[in-house]
Amino acid sequence: MRQNLFITSVGACLTLFLGLIVSPCRADNGYAGTESCLECHEDKHGSYLADVHSNQGDPRTPGAMHGCESCHGPGQRHVDEGGGKGVGGILSLSAQSPALSEQTSNACMKCHLNQRLAFWSGSAHESRGLSCASCHTIHTEKIAQGTRRSYTDTCFQCHKRVRAELLRQSHHPIREGKMKCGDCHNPHGTASDKLVDAQSINLKCFSCHADVRGPFLWAHPPVVEDCLTCHSPHGSTHNGLLNGKAPYLCQRCHSNTGHAGDLYARGGSQDNQSVYRVLNNRAFYRACLNCHVAVHGSNHPSGKALLR
Amino acid sequence: MKRALPQPQLSFVIPMFSLVVWLLPALCSAEPSSSAPTESGPVTEFGGTLGLTLRTIDGENESAKYEEYRDVQEPISGEAFLSFERKENFLVEFEGRDIAEQDQFLGLFGNWYGKLKVNLTYDEIPHRYAYNAETLYRGSGSSRLQVDDAVQADLQATSFEDRATRLQSAFADAAKEDLETFREKAQADIHLVAFHPFTFRMEVGREDRNGTKPFAGALGLNNNAGMVELAQPVNYDTTEMKLLGEYAKRPFLLNFSYYLSRFRNQDDALTWDNPFRITDSTRGAGGADGPSKALTDLAPDNTYHSLSADGVAMDLPFRSQFSASASWGWMKQDDALVPYTTNTAITEGATVGSPFDAFDTGNLPDQHPNAQVETSNYNFTFTSKPVNPLRVKAQFKRYEYDNETDEILFPGYVRVDSIWVDKPVKNVPTSYKKTSAGGEVGIDVLKNARLNLGYTYEKKRRRNREVLRQDDHVLGGSFDVKALDWLDLRLSYHRTDRDINNYNADAPLDAYYEGNLPREEQLPSLRKYDEADMTRDRVQFLATVYPVESLAMSGSYTYGRDDFDDSSFGLLEDEHYIASLDADFAPSERFSVFAFYSRENYKNKQKASLVPFDVSSSIWRADNEDVIDTFGGGFKVLLVPRTLDLEVSYSYSKVDGEIALKNQATDPSDFGTVDETTYHVLDSKLNYRFLKNFVLTLGYAWEKFDYDDFNTEGFTNIPVDDTGVYNGALLMGTLPEDYDVNVFYTKLTYRF
């Protein structure tokens, strides 16, 4: 407890101290006005007006501030120097090289600053040179909230393995549109591993699977530490999103006396016979899980072997 | 066949939605905008789309797998998107998807610009496990599953050799039922932004989950009694609430949040009849006696709270940023313990003496588990770009799971409701603490490439497990190039080296069992793979090229390998690779086409031993391999611009799985068919736009799913061995089933 207080105090002091020594923001001048922008960039006008950023009713939007120049930077020099990509220090904000991604993201984060973005700097995506524009399209009509398929398709541009895993017979309801990547991950960065939007992977799983949260009288230790020890959340060829086939998955850890170390297999001469005839109930159907049903933990006084 | 699901518990939500949809614009319009009006005054816009779908289904669609998380069999469904906006004042949107289906989604979104955002959603998700599962039990969905007394009496009087025949006779009248759960989730998210940079948010959610899912109960540890498959009742309510307060204005971000999750199970326990006995009795390990009924504890009620604080200081010197977060969580579970058994014949034990009624909760050493866990999480991240092209990052993280559940010493326990086991045992709460510290240096090489190199050290400390101290060293880097307009390259490599200080195979058993009584032994040289010494390699490569503006092609390769070199038994190695190719081509506005292919290969090797340990004839190996091919493609063509277009997409996935087994003594045969599937999905639709605002869609979809596994070959509800004798299982038949379904649909959409 004393150690926790120490860590918390150090963190709080550091944040405050560093905040106090920050350099002041400089005011920028040299705005040309949105009308000037439209003289050359008329093709962007329609999409800009249809976009939430143009809304002048919200004092936080570019529309209520400097219009185009709120994001692309003051444009008078750009106008004076005759225009052109990057001329006069104008920002293009399209998906660009790693070196330029920072200025793109900074332009967005002038306004989009909230808890979801607290760990963007140094996050897996930021450090690989991605910017907001790598995934978000600004000049477009707003997509109806809840349109989830476009979300996953964006992630699949790079995460090809996950796309394939979602086609497995055992999967979360992602391809059915009932979940999206962002229900478990925060792509903008997190304090936890694998961009999981929770204190730990298990706590994220428990937000939907509260029935296995426990804590139980009889815990199954690897379950307590990490659901991914046995499960593949993006999809599995094996039932129950399991990483392997029971009983062999279970036998990777359990080889004690009793029956856990037994080999459950047909003999060489039983090749074509049904497992229901030649093996017993520890091997066929759900194998170990036929009896050890409380594999996530048991609250039964006689549940030490997770049978009840 | 349309199946009836449990009645929605949150059905009040739907009429509430309808009411709010129509009232909210009126309520909002009563408040004049405080923002500056445009020259022509506030402009009001009302628009949206309404759609109606009619469909018919043909083919083999009796597999629950087809509708696992969806509802496709409703002949009529609707969709709606309505938007009402008073420009620069407020926006109200309603979205309804799959309306009138059992997977419908309704959402109402209100945004009073710059002041308040409100999101109300209602979502239904079915989860179907099996249709027409067969069972002897009555009372499905309740916490008491019963078999006819006459069947129990008959089977009790039947010799073991004749059991299968009698059981099959009784099973002729088995009930058929669908195992499925139905989840309804209602959420409200209120976000007050009027006091920017201070914002406040409240999210409240309630989920009801009802129905049944496959479950099982053991009646003995041998084939005489075996196990029965059951329908577990699911009557869960989960309430969630999150409160958040935030200050966000450069250079500071500070926020504090509180989260509550409260889970309640309406069924504390499940009591189910033993089909083979009508009277209670105790029995020895090999006997055919046992309880008349058994009791299984179900998911206990539990509560989780957490408090979190995040802080970010930006715009520090040298383009630096410091982020810190801290969270503390508390899990609590204190359901009343059920008795050791419901078997009234268990009345004595060597250590507890006689009389001792194991079915009396008064004989438990404690009535409640008082199970509780405290979690804490700290994260500090410092990033800086002191000079171009250098970037640095330093991070410290700590997560602790501290299980403070009471240790309860039980004088013994009842094995599968049949016999008292005279071995004092106590529960052993396991805890762990994970601390990591690391850094990363990034250099922008040339103008368009970035090289990152990083190292992280992570230590894990455990309580009451085999390995108490484990250290991971992770070294890796990435190289990202966007050197040319037509080329993106991404490459990363990470290597993890895990060291453990000592592996004590007996540690959990030492903790569980009191005294020096005989107990099971763990194979001493087995290493559980989550605690074993290991090296891990991960390579990822992604290349995207744009040879011409209208064409994008990408290829990716992922390789991973875990080597457990110090493990003589357990998982020895685990390896995988995934290769994929993608192409998108849009030569004109009227035509676009895409295609993709991927091959995945997952292999692992494990080794174990039956008793006696470490005797060569006892040792066996299992080599598992899954090979998965996935490909697909599609096109979209505008046949008549702005009038007629055609979209077609298709994907195919095939899984080949096998397990090769080796044992010197028994010469086992391999399993050549392990969870093998083929899956085809075709979707095609012709869209015809007419009368300016209408779109008529004619569609055809085809899905075919085949599942093959050694457990589906020769499946029977009542397995018998080679001699025709009962083989220890009474099954409902809940494994995935094949389907082959054609769907023809017509959809009329009106835009306004």
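The model is a predicted one, and every value below is computed from its atoms.

**Interface between the chains**

The size of an interface is often expressed as the accessible area lost when the parts come together. For chain A and chain B, the buried area is about 14,500 Å². Carbon and sulfur atoms contribute 54% of that area. In terms of residues, 136 from chain A are in contact with 216 from chain B. The rule for salt bridges finds 20 of them across the interface of chain A and chain B. Glu126(A) and Lys385(B) form a salt bridge, with their closest N and O atoms 3.7 Å apart.

**Salt bridges in the whole structure**

Over all chains, a search of the whole structure returns 69 salt bridges. One lies within chain A, where the side chains of Arg116(A) and Asp197(A) meet at 2.7 Å, N to O. Arg116(A) belongs to the loop between helix 6 (98-109) and helix 7 (124-127) of chain A, and Asp197(A) to the loop between helix 10 (160-165) and helix 11 (201-208) of chain A, so the pair ties together parts that are 81 residues apart in sequence.

**A helix pair in chain B**

Helix 2 (residues 149-156) and helix 3 (residues 163-171) of chain B pack with their axes 10 Å apart, at an angle of about 165°. Because an angle over 145 degrees counts as roughly antiparallel, helix 2 of chain B is described as roughly antiparallel to helix 3 of chain B. Their crossing is right-handed. On the side of helix 2 of chain B, the residues that meet the partner are Val151(B), Asp154(B) and Leu155(B). Helix 3 of chain B supplies Arg163(B), Arg166(B), Leu167(B) and Ala170(B). By class, this contact has 4 nonpolar, no polar and 3 charged residues.

**The surroundings of Trp702(B)**

Trp702(B) is placed in strand 33 (residues 694-708) of chain B. Which residues does Trp702(B) contact, leaving aside its neighbours within four places in sequence? They are Tyr650(B), His680(B), Val681(B), Leu682(B), Asp740(B), Val741(B) and Asn742(B). As for Arg642(B), 60 residues separate it from Trp702(B) in sequence, and the C-alpha to C-alpha distance is 27 Å.

**Backbone geometry**

Most residues other than glycine have a negative phi, and most peptide bonds are trans. The table lists departures from both patterns.

| Site | Feature | Value |
|---|---|---|
| Gly214(A) and Pro215(A) | cis peptide bond | omega about 0° |
| Ala246(A) and Pro247(A) | cis peptide bond | omega about 10° |
| Asn370(B) | positive phi, not glycine | phi near 45° |
| Asp675(B) | positive phi, not glycine | phi about 45° |

In chain A, Pro215(A) is found in the loop between helix 11 and helix 12 (221-225), while Pro247(A) is placed in the loop between helix 12 and helix 13 (248-251). In chain B, Asn370(B) lies in the loop between strand 14 (320-333) and strand 15 (371-384). Asp675(B) is located in the loop between strand 31 (644-663) and strand 32 (676-690) of chain B.

Note on methods:
Residues are numbered from 1 along each chain as its sequence is written. Chains are lettered from A and ligands numbered from 1 in the order in which they are written. This is a predicted model: local features need pLDDT of at least 70, side-chain atom pairs count only at pLDDT 80 or more; totals for chains, interfaces and linings use all residues. Side-chain values use heavy atoms; hydrogens and water are left out. Axes are lines fitted to C-alpha atoms, for helices over the stretch in contact, and angles run from 0 to 180 degrees between N-to-C directions. Helices (H or I, at least four residues) and strands (E, at least two) are DSSP runs, numbered from the N terminus. Angles under 35 degrees count as roughly parallel, over 145 as roughly antiparallel, 65 to 115 as roughly perpendicular and the rest as oblique. A crossing is left-handed if the near helix is turned anticlockwise from the far one by less than a right angle, and right-handed if clockwise. Contact means heavy atoms within 4.5 Å. Ala, Val, Leu, Ile, Met, Phe, Trp, Tyr, Cys and Pro count as nonpolar, Asp, Glu, Lys and Arg as charged, and the others, Gly among them, as polar. Buried area is the accessible area (1.4 Å probe) that two parts lose on being put together, summed over both. A salt bridge is a side-chain nitrogen of Lys or Arg within 4 Å of a carboxyl oxygen of Asp or Glu.
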